[in-house]
Each structure stands twice: as structure tokens, then as C-alpha cells.
Amino acid sequence: MRRLFPVTEETAARTPEVTGGAHAAEVRMSGEGGGPVGAPTPGGRERPGAAGGADLVDREWSLDELAVAYAYPEPAPGGREPWLRANMVSTLDGAAQHGGRSQPISSDADMRIFGTLRGLADVVIVGAETVRQEGYRPARAREAFAEARRAAGQTPAPAVAVVSASLDLDFSLPLFASPSVPTILLTGAAAAPDRVAAAEKAGVRVVVAGDGMGVEPARAVRALADLGLTRLLSEGGPRLLGQLIAADVLDELCLTVSPMLTAGDAQRIAGGPSVPVPKRFALASLLEEAGFLFGRYRRT
């Protein structure tokens, strides 16, 4: 059973008390989500008196509800500007991976939100090392999002944009050789010509987003926007997320906190040099299921 906690601005300022078994709670800031705070949910069952007077609604999250909860900002009057969100998972002790992969610290609900975020995005941005370690495949078209994507003028599935300086990638893999939407390769102007040629021969669209070997995050965001890809989703890894943070181009972080402890020397969700002044983000929403927390934070 999952639970929805609609709260007012007053109750959002404090953590709601949640008890019981496997369930989920949503903390939603007043005025978000397209409906009045505390409004009954169709098919739900209200229970008054919890969370400081806010009602609890017990019901399953539908994909439509998740799509509304994680919707990208509405376009400005002058047109849609790029919005870059990242989706990462971390254990309680800060590990972004276990055994080199994120799957062992994930959950069914985490993967459901993962799929929703992909279903909303124009393009998924991922670092080359993550492609190699996680065995990335092309994003697939999902019927649940087909109508909404058509209405928004999106391709049936999001493109995948791989960030790589060395281009040390196997272009015979399905991600490059047989995606439903051509894979994009973001690299620098000094990338090895033979590797660029190999990528293009495989049908990959090579986009230069840096003057040297590497990719400049701000140029990558703008280059994707120039291709009409403005709903941007980064899935890591830690090195790439660290670069996005340092370049101050990240608009939103969707973070799953896994109720696990791994110890060891696994990477955090963001790597690289620290920024001179910590970046401050504000909590936009919070879901909970079986001890997993699904937070959405936006730049202040």
C-alpha cells in the first residue's frame, strides 16, 4: 500500500511522521502538481487527522500521477528553454554504486520512477564510463507515454547522448548500432578523427561541444537545445554529474536515498573537484516507499 501526504506550506516545513509497513508518502509543496493541496484522489481512501491535520490517501501511484509529479516546467512565453535534471541513487552512507553498478542499491519503485523520467525526457545524457559499466541499451518506446510524447512533439523514445572525450566505445553495441532514435555522441573538437569516423559509420550523430578533447557542459546543453532537445535528463555517472554541478548547469536533482549501508570505497553521486561555494537546492517533492526516499530538488 502506498500513501500520499498532501501538505500545506506550514506542514511542508517539517517532516511528516510516517509509520507502518511498506508504503509511500508524497510531500508536495502548496500549489504544486496542478491541483489543490489536500484534494481527494480518485480511487483513494482518505484518513483524516494525520501529519498535523493533513489527510492521508491510500492508493497506488499510477504512471499518469508520476508523470504529473515529475513534469518538466511549462515553457516560457518565448519558447521552451532547456531544463537539465539528473537522476541518481545513493545509499545511506553515500555510495552511488555497489560492485560498480547502481542496480543493487535500487528498488522496483526506483525503477518505476526511472522509467517515468525517461518517458518525459527528450534526451538522456550519460557518461561513457557509465555506458561501459552499466551495459547501457537504447531507451525504448513505452506505450504508457506514447500519446503524451506525440502531443508534445517528442520522438517515441528519448535519444541517448553519450559524453566522451576518448570515444573509447564499442560502436557495434545496440546503443549505437540499433537504437529507435539515433544515439548522439557529445565530444570535443580535438577528438580522434578515426574514432569520430567509426561512430558516424555506425549511425551515431557526433556533436562537438568543446574546443579541446573534453566536453564543456554549458555548450553541451546548448547544442542539445539547438537540436530541439530541451527536456534533458542526466543519468550520471558521478564524474559527469560533478562536471554539471561545477559548470552550474544543473536545474534539478532527482535523488533516491536507498535504506542500505555498503561501506567500502564506492563513489558518491558526484565526483571531481569541489565547488568554491556549495550549491543550494530546495526540496520540491518527496516520495517514500519501503524506506526508500525519492526526493526532487530544484535550484534556488
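The structure holds three cavities of 30 Å³ or more. Before you dig in: this is a predicted model, where local features need pLDDT of at least 70 and side-chain atom pairs count only at pLDDT 80 or more, while totals for chains, interfaces and linings use all residues. Residues are numbered from 1 along each chain as its sequence is written, and side-chain values use heavy atoms, with hydrogens and water left out.

**Exercise 1. Work out what lines the largest cavity, and which elements give two or more residues to the lining.**

Step 1: A cavity is a set of points, on a 1 Å grid over the protein atoms alone, where a 1.4 Å probe fits but cannot get out; lining residues have an atom within 4 Å of a point. Points are joined across faces, edges and corners, and the volume is the space filled by probe spheres set on them.

Step 2: take the volume. The largest cavity has about 70 Å³ of space.

Step 3: list the lining. You'll find Ile125, Val163, Val215, Pro217, Ala220, Val221, Leu240, Gln243 and Leu244 there. Helices here are DSSP runs of H or I with at least four residues, strands are runs of E with at least two, and both are numbered from the N terminus.

Step 4: sort by type. The lining has eight nonpolar residues, one polar and no charged. Ala, Val, Leu, Ile, Met, Phe, Trp, Tyr, Cys and Pro count as nonpolar, Asp, Glu, Lys and Arg as charged, and the others, Gly among them, as polar.

**Exercise 2. Find the residues that touch the most other members of the largest nonpolar core.**

Step 1: define it. A nonpolar core is a set of buried Ala, Val, Leu, Ile, Met, Phe, Trp, Tyr and Cys residues joined through side-chain atoms within 4.5 Å. Buried means under 20% relative accessible area, exposed over 50%, and partly exposed in between (1.4 Å probe, protein chains only).

Step 2: pick them out. In this core of 30 residues, Leu84, Ile125, Ile184, Leu186, Leu224, Leu232 and Ile269 touch the most other members.

Step 3: trace where the core comes from. β5 (83-91), β6 (123-127), β7 (159-163), β8 (184-187), α8 (217-226), α9 and β11 each give two or more residues. Helix α8 gives the most, with four.

Step 4: zoom in on Leu84. Leaving aside neighbours within four places in sequence, its contacts (heavy atoms within 4.5 Å) include Ile125, Val221, Leu232 and Leu244.

Technical notes. 1 Å grid on protein atoms, 1.4 Å probe; cavity = no way out; pocket = protein on both sides within 12 Å on 5 of 7 lines; lining within 4 Å.
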